[in-house]
Amino acid sequence: MDDEVPATLRHAAERAVDEATLLDALAALTAQPSPYGRERATAHRVADWAATRWPELSWRVDPVPRTATTPDSANLVGGSDLGERPELLIYSHLDTSLTGTTDFDAPITGRHTPAPALELSGPAGEVVSGFGLGVARAAAATALVGYAAAAEASRAAGLPHRLTLLLAATGTHRDDPTAGPDDGVAPAPTVGGVLHHLRDRPLPAAAIVAKTSPGILTAEPGAMFLRVRLSSGFHPALFRDTATPPGGLLTHLGVLVEALEEFRRAHLARRADPDALVGAELGIGAVRAGQPGKPDLLPGVVDVHLYLTTVPGDDPGQITDALRATLVQRLRGTPLAGCGLAVAGHPAHPSAATPTDAPICRHAGRAWLAAYGRPAPPVRGWTGSTDGVVLRRRGVPTVRLGPPALPPDPTDPRRERYAVPELMRFARLYADIALRHQQASTG
């Protein structure tokens with residue numbers, strides 16, 4: 001096989017992955033909140049720790065341009081180059097879906113207590129748990145340690161290689177519900193950390209996305225945001241019976257929700273394919289209406305925000321039009337029929353796939369087989385979307401794989417849990433893929 005790694009090199013990379021270093025990487029990543037658009041402090045903390053641990057490797061913090069939604073954002077970039085070889089990018093991200101602060105998190109989690117800290121448990125300390133490990137601190141730590149192990153072993157052996165680690169800013173999907181006019185045309189999403197990294201530089205030859213996954217993903221769906229807005233005149237609550245609609249907009253919100261669920265059922269049924277690698281999904285993620293300090297005034301506007309994953313062939317404009325048509329038809333004859341209706345939709349990015357016979361797919365498959373003693377399980381109908389789509393759309397062959405999570409702590413689901421041996425296994429697996437990529441490129 002063209003990617004078979006010499007035993008001495010493989011064993012050197014395996015020995016370079018140790019539990020203490022992995023847990024230190026997790027501690028550096030979890031030492032403080034790293035919310036979307038405010039990752040710079042964490043980038044500096046991790047870069048300082050990594051530069052002390054691996055001074056022979058390059059570590060730099062690359063600021064992302066400041067915007068209203070990214071006021072203090074930055075990527076962490078690690079690099080190791082020796083000779084001329086095709087670049088392998090190992091990617092994860094610094095930000096977490098939740099922020100670690102109650103003002104943003106509590107409406108989602110229902111909890112007002114501080115986010116749980118990192119801790120070890122189990123008879124032998126074999127389980128690590130804490131906040132934000134699933135998205136994506138656990139995978140980011142394994143990617144960092146695996147990258148460093150492959151680079152360290154390659155440099156010690158004097159083998160040519162080009163490896164890059166990217167822990168990117170703004171890697172989670174986020175929309176700005178206040179942006180854009182009310183005419184259904186929303187602005188393009190903020191340029192994220194991956195696009196910033198790729199700008200004005202040659203594309204890598206291949207990429208690994210390090211994020212929790214059930215196997216090796218070679219395709220991922222796209223993503224888009226939708227906003228449904230109902231509007232009417234406002235009325236005092238004491239005159240609710242004379243409002244339009246009677247009782248006010250919120251009294252009839254269930255009618256709208258059921259119409260949205262009807263659209264979801266039909267939308268998914270048209271895309272049902274048991275053999276497809278990716279699948280569609282639609283969820284209602286937020287409802288905004290009225291002013292909490294003035295509940296005596298019935299709201300004149302209700303916004304419902306949705307997130308939808310798209311499959312190959314989907315057209316965001318057609319989906320937006322179809323949703324609008326469904327709602328017009330479904331709300332006819334209901335108390336909401338006389339209300340204003342506006343539907344806005346815009347894509348985060350379309351779906352994309354890597355050919356399964358691409359070299360990076362073979363390297364990942366063989367590394368998985370070596371790590372587990374069996375092939376990676378097939379994945380069908382996957383509905384999670386990441387920046388792997390951004391890389392694939394720019395022609396970079398990309399695989400996604402990451403350590404499996406244990407069930408979260410039942411007393412606090414924010415405390416996500418991982419088996420330390422699995423994190424160790426994936427750090428070595430990432431290193432193995434990197435070495436196989438290097439070996440194959442050496443020819």
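Because the model is predicted, local features require a pLDDT of at least 70 and side-chain atom pairs count only at pLDDT 80 or more, whereas totals for chains, interfaces and linings use all residues. Residues are numbered from 1 along each chain as its sequence is written, and side-chain values use heavy atoms, with hydrogens and water left out.

A search of the whole structure returned 23 salt bridges, a salt bridge being a side-chain nitrogen of Lys or Arg within 4 Å of a carboxyl oxygen of Asp or Glu. Glutamate 220 takes part in a salt bridge with arginine 392, with an N to O distance of 2.8 Å. This pair links distant parts of the chain, since arginine 392 belongs to helix α10 (residues 388–393) and glutamate 220 to strand β8 (residues 219–220), 172 residues apart. Helices (H or I, at least four residues) and strands (E, at least two) are DSSP runs, numbered from the N terminus.

A salt bridge also joins the side chains of glutamate 220 and arginine 400, at 3.1 Å from N to O. Arginine 400 is located in strand β16 (residues 398–401) and glutamate 220 in strand β8, so this pair ties together parts that are 180 residues apart in sequence. Glutamate 220 has a relative accessibility of 0% and counts as buried; buried denotes under 20% relative accessible area, exposed over 50%, and partly exposed the range in between (1.4 Å probe, protein chains only). Arginine 392 counts as buried at 7%, and arginine 400 counts as buried at 5%.

A further salt bridge connects aspartate 412 with arginine 414, whose closest N and O atoms are 3.0 Å apart. Both aspartate 412 and arginine 414 are buried.

Glutamate 4 is situated in the segment before α1 (7–16). With a relative accessible area of 39%, glutamate 4 is partly exposed. When neighbours within four places in sequence are left aside, glutamate 4 is in contact (heavy atoms within 4.5 Å) with Arg10, Arg436 and Gln439. The C-alpha atoms of glutamate 4 and histidine 363 are 9.2 Å apart in space, while the two residues are 359 residues apart in sequence.
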